[in-house]
Structures are given as structure tokens and as C-alpha cells.
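Let's take a walk through this one together. Have the viewer open, and we'll go from one spot to the next.

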Amino acid sequence: MINGFRDFILRGNVVDLAVGVVTGAAFGALVAAFGAAFLNPLIKLIGGGGKNGGSFFVNGVEFPYGAFITAVITFLLTMAVIYFVVVVPMTAAVNRLKRADPPAEAQPSNEEKLLVEIRDALRSR
């Protein structure tokens, strides 16, 4: 029963689901706050500063490219944290558990058993 539970927890789908939940819930707010506090002002400063920094206007319509760049950097930071905090340790744990399990002995197939019987019958003649 414990082995079944361990196999369930270490199954790829469960890990992928956990990574998705953690990405959306736990790190989303933290990285969004980082983006709003540090990345947006930095992009506005690079884009010319002031109210219109990080955006441009066409026919009176604003295109805030700074917000898009912030979202891309936020996404990359979130995925890097997930990879190094969740995926790498989980992969190491799965590999360690795979090494700990003894390899299963291969059982001969029915065809191989039949061939052995034929061989033994031919030898006995």
C-alpha cells in the first residue's frame, strides 16, 4: 500500500499538476509584486522615463510595451524558480528511488519456454 502511494505521488501527472498549482498560486503574487516594484520602473526609465516611459502612442492609442516586457520577465523568473526549486529536486529524488529498487528479473515469455522445451526434447533423442 505504501509503495502504491509512493508510485502515485511520483507519477509524472501528479508532479506536473503540482508544478502548475504552485506556479499559479504561490509564486504568481510574489513575482508580480517584484515586477510592479522593480521591473516596471526600470523599463520606464530605459524607455524614456516619466509617465509615458515604456509605452508609445499611435493616433492617441497607448501601446504599453513595458507592461509586456515586465510580464515576459515575470514569467521567465517564475519558471526558473519552479525549475530549480521543484523540478530539479524531484527529478533527483525519482532517480534516487529508481536506483534503490532492485531490477526485476525478466521472466521468459511463453515462446521462449516453448523453444526451451523443444531444445531439451531434441537433446534427449
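This is a predicted model: local features need pLDDT of at least 70, side-chain atom pairs count only at pLDDT 80 or more; totals for chains, interfaces and linings use all residues.

The structure holds 1 salt bridge. Arg 119 and Asp 120 form it, with their closest N and O atoms 3.3 Å apart. How exposed are the two partners? Arg 119 has 38% relative accessibility, so it counts as partly exposed, sitting between the 20% and 50% cut-offs. Asp 120 also comes out as partly exposed, at 38% relative accessibility.

Staying with helix α4, which covers residues 110–124, look at Asn 110. Asn 110 is exposed because its relative accessible area is 64%, and the cut-off for that label is over 50%. Now pick Leu 45 as well: it is 65 residues from Asn 110 along the chain, and the two C-alpha atoms are separated by 74 Å.

Next, the greasy part. Which residues make up the largest nonpolar core? There are 5 in all: Val 15, Val 19, Phe 27, Val 31 and Ile 82. Helix α2, running over residues 12–46, gives the most to this core, with 4 residues. If you zoom in on Phe 27, you'll find that it touches Val 22, Thr 78, Val 81 and Ile 82, once residues up to four places away in sequence are set aside.

Further along helix α2 you get to Gly 35. Is Gly 35 buried or exposed? Its relative accessible area is 1%, and buried means under 20%, so Gly 35 is buried. What is it in contact with? Skipping neighbours within four places in sequence, Gly 35 is in contact with Asn 40, Pro 41, Thr 70 and Thr 74. Tyr 65, by comparison, is 30 residues from Gly 35 in sequence, with 14 Å between their C-alpha atoms.

Leaving out residues up to four places away in sequence, Thr 74 touches Val 31, Ala 32, Gly 35 and Leu 39.

How values were computed:
Residues are numbered from 1 along each chain as its sequence is written. Side-chain values use heavy atoms; hydrogens and water are left out. A nonpolar core is a set of buried Ala, Val, Leu, Ile, Met, Phe, Trp, Tyr and Cys residues joined through side-chain atoms within 4.5 Å. Buried means under 20% relative accessible area, exposed over 50%, partly exposed in between (1.4 Å probe, protein chains only). Helices (H or I, at least four residues) and strands (E, at least two) are DSSP runs, numbered from the N terminus. Contact means heavy atoms within 4.5 Å. A salt bridge is a side-chain nitrogen of Lys or Arg within 4 Å of a carboxyl oxygen of Asp or Glu.
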